[in-house]
Amino acid sequence: MAKRQSAALQRIYDAKGAQNVLLLVRSSTVHIACMKSGNATTYAFPLYTNNEKANTQPSLHEMTNCKASTDIDDPDIIHLLVHIQERFLYHYILTMRPILTLKLHSYRTLPRNALAICMALTESPLDRKKICQVILIGEKTGKVMAIPLEHAEGSKMEINHLFGHTTSMITDICMDPSKSRYVLSADRNEKIRVSHFPQTALIRSYCLGHSSAVVQLACCQRSQAQNWMISLSKDGTIKLWDYMNSTLLDSKTLYDSENTQIDACKLAICPFTDCIAVIMGVHFALLRSIRSEDKSPKLEIIADSTSTSMYGTLTLESEPLDATFLPECSQSEHTQVVISYRHSPYLRCFQVNNLSTIPTITSSEHFHAENWFSFGTYRSDLQISP
């Protein structure tokens, strides 16, 4: 049931530099591309397990999860969490300016195995007027707990148990995009729970309708799609919900669940277009959400692995592992989707155009990953472009 992957993608928007920052964690290295107007400045850093034994590196062949978030007080700082073998949590700090650097900030062993992590905002226990960042962890025992993002090396880990899913395993958790008012959690028994945050004893709703384990959740971030959530399940379907009202808006079947063995499961949503990328084993699909004034919103499959031409275009034989979007803030008609692979070419970017009419997909002309990244070496002596 564990999510095993050898490469993970995270995307952060650097507002100060007006650029997308793409983080690719692969083979004990984090590759970073700062992308602006079709140009990229690239870097690579080794992911050391601790500062004293710099020659020892974590094994990322059993990476469970990876999350990145901008610091709430300093926009030049990005927090990168790497969750390995369900039990070990590494917290790295990426400093954007004046020189791009990456360092291991803390290392923690979780009390129990977990499959899901995410970052959330909450009131500081010492000063309620101050907002702080916490890490939410979904354990395999069915419990969700919170730990502070900041952790002093060698100190006892502060743990706050929030709630639990009865006799089930937490498979994913995420926060709603509106000031972290709710935490959404999924389990192996087909349930999705929407809880108030941080008063998680108060349940807002349940979203029920899947017939197998729910493996991924993601909330739509546009104001036009407020309260929309996408869920991905091992029953072979992707569903669109109004999670505040427990309403199923639409559902699409992506593959035959009875005859398919699924390993990697990833779900990504473009924050400006609501374009959706899905990876389930060897299956890949791009979808969009369609909304009209007089009809309920619908999901439409733009492309998937059943198309012979699309199979070759998306290089699905190289086994896709993760996906993320690199949107332009001013564009609602176009976006770029980046896919990481287990085998060569390791990373590719595709341009998705005309999302409101007849979408088309082409390989991005400005994205040359084979020239940007050297997957066997790293450099950390470069300064970020002004």
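**Figure 1. Ring pairs join F88, Y90, Y92 and Y107 into a cluster.** The model is predicted. Three aromatic pairs occur in the structure. One of them is Y90 with Y92: the ring centres lie 6.3 Å apart and the planes meet at 25°, so this pair is stacked. The cut-off for stacking is under 30 degrees between planes. Both Y90 and Y92 are buried.

**Figure 2. Y90 and Y107 form a tilted pair.** Y90 belongs to strand β7 (residues 88–95). Y107 belongs to strand β8 (residues 101–109). The pair therefore ties together parts that are 17 residues apart in sequence.

**Figure 3. Accessibility of Y90 and Y107.** Y90 has a relative accessible area of 8% and is therefore buried. Y107 has a relative accessible area of 28%, so Y107 is partly exposed. Buried means under 20%.

**Figure 4. D14 in strand β1.** The strand spans residues 7–14. D14 counts as buried because its relative accessibility is 4%. Leaving aside residues up to four places away in sequence, D14 touches Q19, V21, P75, M96 and R97.

Key
Residues are numbered from 1 along each chain as its sequence is written. This is a predicted model: local features need pLDDT of at least 70, side-chain atom pairs count only at pLDDT 80 or more; totals for chains, interfaces and linings use all residues. Side-chain values use heavy atoms; hydrogens and water are left out. Helices (H or I, at least four residues) and strands (E, at least two) are DSSP runs, numbered from the N terminus. Buried means under 20% relative accessible area, exposed over 50%, partly exposed in between (1.4 Å probe, protein chains only). Contact means heavy atoms within 4.5 Å. Rings of Phe, Tyr and Trp (its six-membered ring) pair if their centres lie within 6.5 Å; planes under 30 degrees apart count as stacked, over 60 as edge-to-face and the rest as tilted.
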